Amino acid sequence: MAAIKWPTIIPIPPPSSPSLHHHPHPSTIIPIPKKPKITGLNDYRPVALTSVVMKSFERLVLAYLKNITGPLLDPLQFAYRANRSVDDAVNMGLHFILQHLDKSGTYVRLLFVDFSSAFNTIIPTLLQTKLTQLSVPSSICQWITSFLTDRHQLVKLGKFMSNSRTTSTGAPQGCVLSPLLFSLYTNDCTSTDPSVKLLKFVDDTTVIGLIQDGDESAYRQEIEQLAAWCSLNDLELSGSEVGHSHRRHY
């Protein structure tokens, strides 16, 4: 009788292993235009092409992270979540507004903001602190920090290719983990006042101020807190997409 040949088991090093703290093969960055007319580098989206092995590791960590952090995610973040879409975000915002305007002496103020180069500005050490506060095991936190730190990458544009550079900030766009990591990074960006709603869809944020009897103090305080939060977390608000609108009801 022929001997049974068991499949080869490849040992996976623990997250603290030095072999996972290095990125020997650089990822390739492909600049994808965001709009038809390019006026500057910010008009490109830097999409990272990584290896199949790394994507497999990411999927394992992604499933584990979703299981742990799912119940703790901000309910007003509508991106990258099952059974949620931008339509749900719009409908929720309209619900808050119309319900408030049913009362007399009310109006609404809206602030639309966009984080500039959001994925590229994530600080791994800050993210690790936030993950720890969400009860993510330290070994997974270390793996994610390693994944984002000392990354070797090069840019390919057509037939031209740049030299390899090392970066330790941001989450590479196009990677399996990056959308969830950004959602977790901004998870503590919330309103503390019930009269102000902060709706998020990826890096687009809408601040809804439900104003009663002309008192805008809570709304303005929340905007100041949002600006302060952005400063502490190394995120910039894109001024080109900031605006206000209001509607009165008597």
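Predicted model: local features only at pLDDT ≥ 70, side-chain atom pairs only at ≥ 80, totals over all residues.
Biologist: Let's start with the overview. What makes up the secondary structure of the chain?

Modeller: Six helices and ten strands. Of the 250 residues in the chain, 39% are buried. Among contacts with a separation of 6 or more, 68% are between residues 24 or more positions apart.

Biologist: Now the helices. Why are helix 3 and helix 5 called roughly perpendicular?

Modeller: Helix 3 covers residues 124-133 and helix 5 covers residues 178-185, and they pack at an angle of about 75°. The label applies to angles from 65 to 115 degrees, so helix 3 and helix 5 count as roughly perpendicular to each other. Their axes are 9 Å apart.

Biologist: Which residues meet where helix 3 packs on helix 5?

Modeller: From helix 3 come Leu126, Leu127, Lys130 and Leu131, and from helix 5 come Leu181, Leu184 and Tyr185. By class, that contact has six nonpolar residues, one charged and no polar ones.

Biologist: And why is the pair of helix 3 and helix 4 called roughly antiparallel?

Modeller: The axes of helix 3 and helix 4 (residues 138-148) cross at roughly 160°. Angles over 145 degrees count as roughly antiparallel, so that is the label for helix 3 and helix 4. Their axes come within 10 Å, and the crossing is right-handed.

Biologist: Which residues of helix 3 and helix 4 meet there?

Modeller: Helix 3 brings Pro124, Leu127, Gln128, Leu131 and Thr132, while helix 4 brings Cys141, Gln142, Ile144, Thr145 and Leu148. Six residues of this contact are nonpolar, four are polar and none is charged.

Biologist: On to the strands. How do you know that strand 4 pairs with strand 1, and do they run parallel or antiparallel?

Modeller: Pairing needs at least two bridges, and three bridges join strand 1 (residues 27-33) to strand 4 (residues 151-157). These two run parallel.

Biologist: What makes strand 6 a partner of strand 4?

Modeller: Three bridges join strand 4 to strand 6 (residues 165-167), and the two run antiparallel. For example, histidine 152 has threonine 166 in strand 6 as its bridge partner.

Biologist: How many bridges join strand 4 to strand 5?

Modeller: Two bridges, which meets the cut-off of at least two. Strand 5 (residues 160-161) runs antiparallel to strand 4, and leucine 157 has phenylalanine 160 in strand 5 as its bridge partner. Strand 4 and strand 5 form a hairpin with two residues between them, and glycine 158 in the turn has a positive phi of about 65°.

Biologist: Let's finish with single residues. Why is phenylalanine 119 called buried?

Modeller: Its relative accessible area is 9%. Buried means under 20%, so phenylalanine 119 is classed as buried. You will find phenylalanine 119 in the loop between strand 3 (106-116) and helix 3.

Biologist: Which residues does phenylalanine 119 touch, not counting residues up to four places away in sequence?

Modeller: They are Tyr80, Gly170, Ala171, Gln173, Ser178, Pro179, Phe182 and Val202. Phenylalanine 119 and proline 172 are 53 residues apart in sequence, and their C-alpha atoms are 7.0 Å apart in space.

Biologist: Where is isoleucine 123 found?

Modeller: In the loop between strand 3 and helix 3. Not counting residues up to four places away in sequence, isoleucine 123 touches Thr169, Tyr185 and Asp234.

Definitions and conventions. Residues numbered from 1 in each chain as written. Heavy atoms only, no water. Axes fitted to C-alpha atoms, helices over the stretch in contact; angles between N-to-C directions. Helix = DSSP H or I, 4+ residues; strand = E, 2+ residues; numbered from the N terminus. Parallel < 35°, antiparallel > 145°, perpendicular 65-115°, else oblique. Contact = heavy atoms within 4.5 Å. Nonpolar A, V, L, I, M, F, W, Y, C, P; charged D, E, K, R; others polar. Left-handed = near helix turned anticlockwise from the far one by under 90°. Buried < 20%, exposed > 50% of the residue type's maximum accessible area, 1.4 Å probe, protein only.
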